[in-house]
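Trainee: Could you walk me through this model with me asking as we go?
Mentor: Gladly; have a look at it before we start.

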Amino acid sequence: RSVEHLRFQMPHTMGALYWQLNDCWPVASWSSIEFNGRWKALHHEARRFFAPSLLYLRTEGDVTIGRYNEVTEGINCYTLYTIHDAPEPRQATLVWSIRDFQGGLVGDEQRRELTLEPGRSVSQAVCTLPDVVRSRRGALYLRAELLDRAGAVLSRQNAFFTVPRFLSLADPGIEYRLEVASDGTTAIRLKADYFAHAVSLSFGQLDPWLSDNWFDLHPGEERVISLRSQVESDCPVAPGSPVTIKSLWHSFQE
């Protein structure tokens, strides 16, 4: 992504803006917020790539497609960078592993304790693809997370070893449950049996604000997304409300 690339180059580049933020009226555009305040996928992603403490996976090599749709697989490794754009140092833990889409490990999970220094982009580790990955590029992925010392996620990234259309995805089997907390807020809990890429949530005619959307869901991981009405006159999302959940795999079925 270009913003991550620009941030990774600090101090040569110390900031980035994208065009455009919002729409003034109903229109199809490249903005990240629609005219009525609804967040598009880009705006959820912008919160991730502008995170003060960012994990960046820099590809070494590339996938090229030539004439007659000939594909040359050239991804050899990923370099894991941390970017810390905050005034104070921060203790963190970097965790990464290669996994299959059922959640199984390929090799060992790696872990490294870090001190993130203000205004620095640092190469922390290199994940070189083992031979098994080269023969199963469409069935494996790199999972990486930057955590604070309490275990909360500061930044998370997933990387593939081929282009998305060659991924061996399957029905993720996403299950969900809508809950109402004691303070009246609503949350949706999601789990998947199989890796789900770019999960999107929608609620029919209801149009709530979501704490996250268009995210990846790992097998066995529980993700809790909070919901709230954007204006007081809206009907709240409640148990029994219609929910539509899609991912990249679902788009292949349409």
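Trainee: Before that, what should I keep in mind about where the values come from?
Mentor: The model is predicted, and local features need pLDDT of at least 70, side-chain atom pairs count only at pLDDT 80 or more, while totals for chains, interfaces and linings use all residues. Residues are numbered from 1 along each chain as its sequence is written, and side-chain values use heavy atoms, with hydrogens and water left out.

Trainee: OK, how many aromatic pairs does the structure hold?
Mentor: There are 13 aromatic pairs, where rings of Phe, Tyr and Trp (its six-membered ring) pair if their centres lie within 6.5 Å, and planes under 30 degrees apart count as stacked, over 60 as edge-to-face and the rest as tilted. One of them joins Y56 and Y81, whose ring centres are 6.3 Å apart with the planes at 40°, so this pair is tilted.

Trainee: And which strands do Y56 and Y81 lie in?
Mentor: Y56 belongs to strand β1 (residues 53-60) and Y81 to strand β4 (residues 77-84), so the pair ties together parts that are 25 residues apart in sequence. Helices (H or I, at least four residues) and strands (E, at least two) are DSSP runs numbered from the N terminus.

Trainee: Is Y56 buried or exposed?
Mentor: Y56 is buried at 7% relative accessibility, and Y81 is buried too, with a relative accessible area of 15%. Buried means under 20% relative accessible area, exposed over 50%, and partly exposed in between, with a 1.4 Å probe and protein chains only.

Trainee: What about F101 and F195, how are their rings arranged?
Mentor: The ring centres of F101 and F195 are 5.5 Å apart and the planes are at 20°, so that pair is stacked. It links distant parts of the chain, since F101 sits in the loop between β5 (90-100) and β6 (105-116) and F195 in the loop between β11 (186-191) and β12 (196-202), 94 residues apart. F101 is buried, with a relative accessible area of 1%, and F195 also counts as buried at 1% relative accessibility.

Trainee: Which residues do ring pairs link into a cluster?
Mentor: The cluster is made of F101, Y141, F160, Y194 and F195.

Trainee: Back to β4, which way do its residues point?
Mentor: C77, T79, Y81 and I83 point one way from β4, whereas Y78, L80, T82 and H84 point the other way, and all are buried. In β4, eight of its eight residues are buried.

Trainee: So what does β4 pair with?
Mentor: β4 runs antiparallel to β1, joined by eight bridges, and it is likewise joined by eight bridges to strand β7 (residues 120-128), again antiparallel; two strands pair if DSSP finds at least two bridges between them. Within these pairings, L54 stands opposite I83 in β4, and Y81 stands opposite S123 in β7.

Trainee: Switching topic, in what order do the four strands of the open sheet with β6 run?
Mentor: The order is β6-β5-β8-β9, and the pairing is antiparallel. β6 and β9 (153-160) stand at the edges with a single partner strand each, so one side of each is left without a neighbour in the sheet.

Trainee: How many bridges do β8 and β9 pair over?
Mentor: Strand β8 (residues 140-148) and β9 pair over seven bridges in the antiparallel sense, and E145 stands opposite R156 in β9. G151 has its place in the loop between β8 and β9 and counts as partly exposed at 44% relative accessibility.

Trainee: And the open sheet with β10, what is its order?
Mentor: Its four strands have the order β10-β11-β15-β13, with antiparallel pairing. β11 and strand β15 (residues 222-228) pair over six bridges, and K191 stands opposite E222 in β15.

Trainee: Which residues of helix α2 are buried?
Mentor: In helix α2 (residues 41-49) the buried residues are H43, H44, E45, A46 and F49, and what covers them includes α1 (2-8), β1 and β13 (209-210). Contact here means heavy atoms within 4.5 Å.

Trainee: Last one, what does S200 touch?
Mentor: Not counting residues up to four places away in sequence, S200 touches N213, W214, T244, I245 and K246. S200 lies in strand β12 and counts as buried at 12% relative accessibility.
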